Amino acid sequence: MALVTVMGRLLAPVRLREYCRRTVAAVAPGSWLTGLRGFTSGTRPLRSDNKVTINFINRDGEKVTVKGSPGDSLLDVVINEDLDFDGFGACEGTLACSTCHLIFDEDVYKNLGPVTDEELDMLDLAYGLSDTSRLGCQVCLTKSLEGMVARVPESVADIRQSKDESG
Ligand code: FES
């Protein structure tokens, strides 16, 4: 009995080590260290490498290339990068202005995520509406949008200003 207990104690760490080695190898085939990094997220790229590149075409037709973080809206990117698109984002993303109107290439447009009825209602009021228009405050960045092009329309229509001017 005592021999079984002693042998069990000696073998337990060996079994645990073997279990970890097999488990890590299953998660990340390759060397022992590579496997460990898989568990600790050490193989993930640095945060700066996790950014998404966006190419804005401004109202003058110039390309402005910036980076944003996944999860940020395109309005967040414009604000964070201090981009000077006159009148852009006047309602600060509250779906009340359509000044954040952007036009995309069709392949990008298909990857932008769902459009809400509220966004469609506000898009109807946008200047230069196209089949691939979206509101920048409603479009969130994902890695699949890397290198996307977003065109800022020539002009903006801010429904709030026309209400102010008529009232
Ligand atoms: S910032 Fe006003 S609707 Fe997007």
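Start by selecting N58, which touches V64, F85 and V152, leaving out residues up to four places away in sequence (contact means heavy atoms within 4.5 Å). Before going further: this is a predicted model, where local features need pLDDT of at least 70 and side-chain atom pairs count only at pLDDT 80 or more, while totals for chains, interfaces and linings use all residues. Numbering runs from 1 along each chain as its sequence is written, and side-chain values use heavy atoms, with hydrogens and water left out.

Still on N58: you'll find it in the loop between β1 (52-57) and β2. Helices (H or I, at least four residues) and strands (E, at least two) here are DSSP runs, numbered from the N terminus. Is N58 buried or exposed? At 14% relative accessibility, N58 counts as buried (buried is under 20% relative accessible area, exposed over 50%, partly exposed in between, with a 1.4 Å probe and protein chains only). Now show D60 too: its backbone nitrogen sits 2.8 Å from a polar atom of the N58 side chain.

Next, pick S73, in the loop between β2 (63-68) and α3 (74-80). S73 is buried as well, with a relative accessible area of 7%. Which residues does S73 touch, not counting those up to four places away in sequence? They are G136, C137, V139 and C140.

Last stop: Y109, in helix α4 (residues 106-109). Y109 is partly exposed, at 25% relative accessible area. Leaving aside neighbours within four places in sequence, Y109 contacts F104, V115, D131, T132, S133 and R134.

Terms used. Polar contact = N/O pair within 3.5 Å; in protein donor to acceptor, adjacent residues only side chain to side chain.
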